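Here are my notes on the model you sent. Please read them with the structure open beside you.

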Amino acid sequence: MTDDTTAGRPERYAFEFDPRFAPLLSVLGIRPDTAGVLVGPGTLRVRFGPWVTETPLANVSGVETTGPYSPFRAIGVHVSLADRGLTFATNARSGLCVRFHEPIRGGEPFGLLRHPGLTVTVADPAGLAEKLSRRL
């Protein structure tokens, strides 16, 4: 984690895996032990198997609970052609879209494409939204 702008230890939010898609995601290296959202101190860090993105909490500009989604358009890693938003999804039920002041890297290995938002399908989207909203 980077600079300490929030008190306390980092808090981890696990992804909620739909058992129907877990075997496919596992082939990509995305499992409960390799996927999660870590908040604090001062940093938002998301790991989704081999994909990792990190940004200061001060870069978060807003959050919105979203879903449900079409499984074929959501499960896995996706970049929206409409707005370049990045999605890390393990279920089609619900997630949290986190928007940023400055777009982040994370969807491709060279860091050329920047993402103004990141949707994550954590088990507790309301809890993560509350935690991040305290920083706004």
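1. How accessible is Glu-11? At 33% relative accessibility, Glu-11 counts as partly exposed. The classes run as follows: buried is under 20% relative accessible area, exposed is over 50%, and partly exposed lies in between (1.4 Å probe, protein chains only).

2. Ground rules. This is a predicted model, in which local features need pLDDT of at least 70, side-chain atom pairs count only at pLDDT 80 or more, and totals for chains, interfaces and linings use all residues. Residues are numbered from 1 along each chain as its sequence is written, and side-chain values use heavy atoms, with hydrogens and water left out.

3. Salt bridge at Glu-11. A salt bridge here is a side-chain nitrogen of Lys or Arg within 4 Å of a carboxyl oxygen of Asp or Glu. The count by this rule is eight salt bridges. One of them joins Lys-131 to Glu-11, at 3.3 Å from N to O. Lys-131 belongs to helix α3 (residues 125-133) and Glu-11 to strand β1 (residues 11-14), so the bridge ties together parts that are 120 residues apart in sequence. Helices (H or I, at least four residues) and strands (E, at least two) are DSSP runs, numbered from the N terminus.

4. Arg-93 and Glu-16 form a salt bridge, with 2.8 Å between the closest N and O atoms. This pair links distant parts of the chain, 77 residues apart: Arg-93 is in the loop between β7 (86-89) and β8 (95-104), and Glu-16 is in the loop between β1 and α1 (22-27). Both partners are partly exposed: Arg-93 has a relative accessible area of 40%, and Glu-16 is at 26%. The side chains of Asp-18 and Arg-20 also meet in a salt bridge, at 2.8 Å from N to O. Shared partners join Glu-16, Asp-18, Arg-20 and Arg-93 into one network.

5. The open sheet. Which strands form it, and in what order? Four strands do, in the order β1-β2-β3-β4, with antiparallel pairing. Two strands pair if DSSP finds at least two bridges between them. At the edges are β1 and β4 (51-56), each pairing on one side only. From one strand to the next the twist averages 15°; axes are lines fitted to C-alpha atoms, for helices over the stretch in contact, and angles run from 0 to 180 degrees between N-to-C directions. β3 and β4 pair in the antiparallel sense over six bridges. Thr-43 has Pro-56 in β4 as its bridge partner.

6. The hairpin. Strand β6 (residues 76-79) pairs with β7 in the antiparallel sense, over four bridges. Val-77 stands opposite Phe-88 in β7. The two strands β6 and β7 form a hairpin with six residues between them. Please look at Arg-84 in the loop between β6 and β7. Arg-84 has a positive phi of about 70°, although it is not a glycine. Arg-84 is partly exposed, with a relative accessible area of 39%.

7. Rings of Phe, Tyr and Trp (its six-membered ring) pair if their centres lie within 6.5 Å; planes under 30 degrees apart count as stacked, over 60 as edge-to-face and the rest as tilted. The structure holds two aromatic pairs. In the tilted pair, Phe-15 and Phe-48 are 5.1 Å apart centre to centre, with 50° between the planes. Phe-15 lies in the loop between β1 and α1 and Phe-48 in strand β3, so this pair ties together parts that are 33 residues apart in sequence. Phe-15 is buried, at 6% relative accessible area, and Phe-48 is buried at 0%. Phe-48 and Phe-88 have ring centres 4.9 Å apart and planes at 5°, so the pair is stacked. Phe-88 counts as buried, at 0% relative accessibility. Phe-15, Phe-48 and Phe-88 form one aromatic cluster.

8. Two cis peptide bonds to check. The bond from Gly-40 to Pro-41 is cis, with omega near -25°. Pro-41 is in the loop between β2 (35-39) and β3 (43-48). Gly-67 and Pro-68 are also joined by a cis peptide bond, with omega about -5°. Pro-68 is in the loop between β5 (60-66) and α2 (71-74).
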